[in-house]
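Let's talk through this one in a few questions and answers. Have a look at the model before we start.

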Amino acid sequence: MHPAPSVIVFTTFSGLGFGLLFWLGIDPSPPTGWVAFAFFAIAYALSVGGLLASTFHLGHPERAMKALTQWRTSWLSREGLCAIAALLVIGLFAALLIFFGIHAAPLGWLGALLSLGTVFTTSMIYTQLKTVPRWNTPLTPALFLSISLAGGALLSGRVTEAYSLLFIAGLFQIAWWRRGDTALRNSGTTLGTATGLGTTGTVRSFSPPHTSPNYLMKEMVFVVGRKHTDKLRLFALLLGFVVPPILLALPMPHLFGALAVLSHIAGIAISRWLFFAQSEHVVGLYYGAR
Amino acid sequence: MTELPTSTTRKLGLVIDLDTCVGCHACVISCKGWNTENYGAPLSDQNPYGDEPMGTFLNRVHTYEVTPEDGPAQTVHFPKSCLHCENAPCVTVCPTGASYKRIEDGIVLVNEQDCIGCGLCAWACPYGAREMDQAEGVMKKCTLCVDRIYNENLSEEDREPACVRTCPAGARHFGDFADPDSNVSRLTKERNGIDLMPEMGTAPVNKYLPPRPRDASPLTPFLAPVADEPVGFLGWLDRQLDKLPGGSD
């Protein structure tokens, strides 16, 4: 799949932002006043910024509001609604904390739930697609949710939680990659089933329908980035899940804490790039590619 | 609405005969010709006369080589367009309701005024039947020539999809699969029509007729091979060359 920068930015930053909102929402003694303002401003910049980035790849962004109508069947629609609801509820919760010093705990819990719901619905957009076997697994929501929770814990300075959640997220990451490497083969879809000619003999693409790449190939048959997979996976794992806990153990928590967050973001961005670049769409089979 | 109808009154679709298709691409051209000036936005081309032309097409013809266990390889031309699936994944993923499946005849269409061009439907389709128009930013797909088949301004014989009307080999057939006695239902039954990627659970309406088994004479094994070992001077040369370093393959 084509790794569109807007979608990588969106899933990386909004995942982190909604993770932070979750922790702020369930905090039994949340910050108030200016400290609260700073935390919520960061969380909103990340989550709203990510959501805005996701509209950049639309053909008609001016019609984006129509995407909120089909929640009965569409995970994309559910994601939009969940995100708006989360931002509204937490917005009210944050305003009460910042301006009045009032801690409306149930509002925070509801906002936290909706924040996690947003990350979950984002992950389901990919998980639901049978056409991309690497994504079509419950491990995808597990990966997205654990990364979001770990990132949020890291960003809000919850060191103990960050340690364990980074470890869990790292395990999900490895499991997701391992399963993904055989996902297309295990899906049972081949050029034989795609053409229905597999029962007659071995099928080979003899000549493509067009002489240069079309939308389908540019969007769904992205193969150039797979060369450095192993190295990129190592970088993603180290920067995203291994370096941050080490930095957290060092003195000067503000400096090294900030570096830990930056390292984590870099690692997750690489992981998200691989999430798209490595994933094979079955339509590639028609072109003799994968 | 992106909820799929539980059943449709009619099931309009195509039968594509892989035995008969000669791979001339006439269906591709007539499809583009009709659909670029009728339903919805035109089908744009990018850099059409350059070294890497690209454009929106609703129908494409692949060519495959099939090699049976025993027997010679066979070339199969393979036209591919929207299969108007009964369980169309492209419809349910649409966030805006632009994609829908019609209750009256099962045709899957895009209302371009509602399409935001997110591309998720193209991701959900296993067949590559949807293409985002690069000029218009909306999703284009086969309409089964909905503006021809019911068009009373056209003469009776023209009220079928442009690809079917133009096919010089008669490899494409249009009809109602809900009617067990229709031409398409009978063809599918007689020739064991198949679904593409049945494991995807899309329940495609369009059916493909596999190539018929090729004739094989019972005398074939007894016929003398045409390409014999070289004899005489050429045979001597062949053997000498084999002896040189590098040998024969």
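What follows is a short chat about domains, rings and an interface.

Student: Before we dig in, what ground rules apply to this model?

Tutor: It's a predicted model, with local features needing pLDDT of at least 70 and side-chain atom pairs counting only at pLDDT 80 or more, while totals for chains, interfaces and linings use all residues. Residues are numbered from 1 along each chain as its sequence is written, chains are lettered from A and ligands numbered from 1 in the order written, and side-chain values use heavy atoms, with hydrogens and water left out.

Student: How far apart are the centres of domain 1 and domain 2 of chain A?

Tutor: Domain 1 covers 1–128 and domain 2 covers 160–290 of chain A, with bounds from an automatic or database domain assignment. Taken over C-alpha atoms, the centres of the two domains of chain A are separated by 24 Å.

Student: Which residues of domain 1 of chain A lose the most area to domain 2 of chain A?

Tutor: Buried area is the accessible area (1.4 Å probe) that two parts lose on being put together, summed over both. Domain 1 and domain 2 of chain A bury about 1300 Å² between them, and carbon and sulfur atoms give 77% of that. On the domain 1 side of chain A, 46% of what is buried comes from three residues together: Met1(A), His2(A) and Pro3(A).

Student: Why is the pair of Trp75(A) and Phe120(A) called edge-to-face?

Tutor: Rings of Phe, Tyr and Trp (its six-membered ring) pair if their centres lie within 6.5 Å; planes under 30 degrees apart are stacked, over 60 edge-to-face, the rest tilted. Here the ring centres of Trp75(A) and Phe120(A) are 5.8 Å apart and the planes sit at 85°, so the pair is edge-to-face.

Student: How many residues of chain B are in contact with chain A?

Tutor: Contact means heavy atoms within 4.5 Å. Chain B and chain A bury about 4700 Å² between them, 60% of it on carbon and sulfur atoms. Facing 59 residues of chain A, the number in contact from chain B is 58.

Student: Which residue of chain A forms a salt bridge with Glu3(B)?

Tutor: A salt bridge puts a side-chain nitrogen of Lys or Arg within 4 Å of a carboxyl oxygen of Asp or Glu. Chain B and chain A have three salt bridges between them, whereas domain 1 and domain 2 of chain A have zero. With the closest N and O atoms 2.9 Å apart, the partner of Glu3(B) is Arg72(A).
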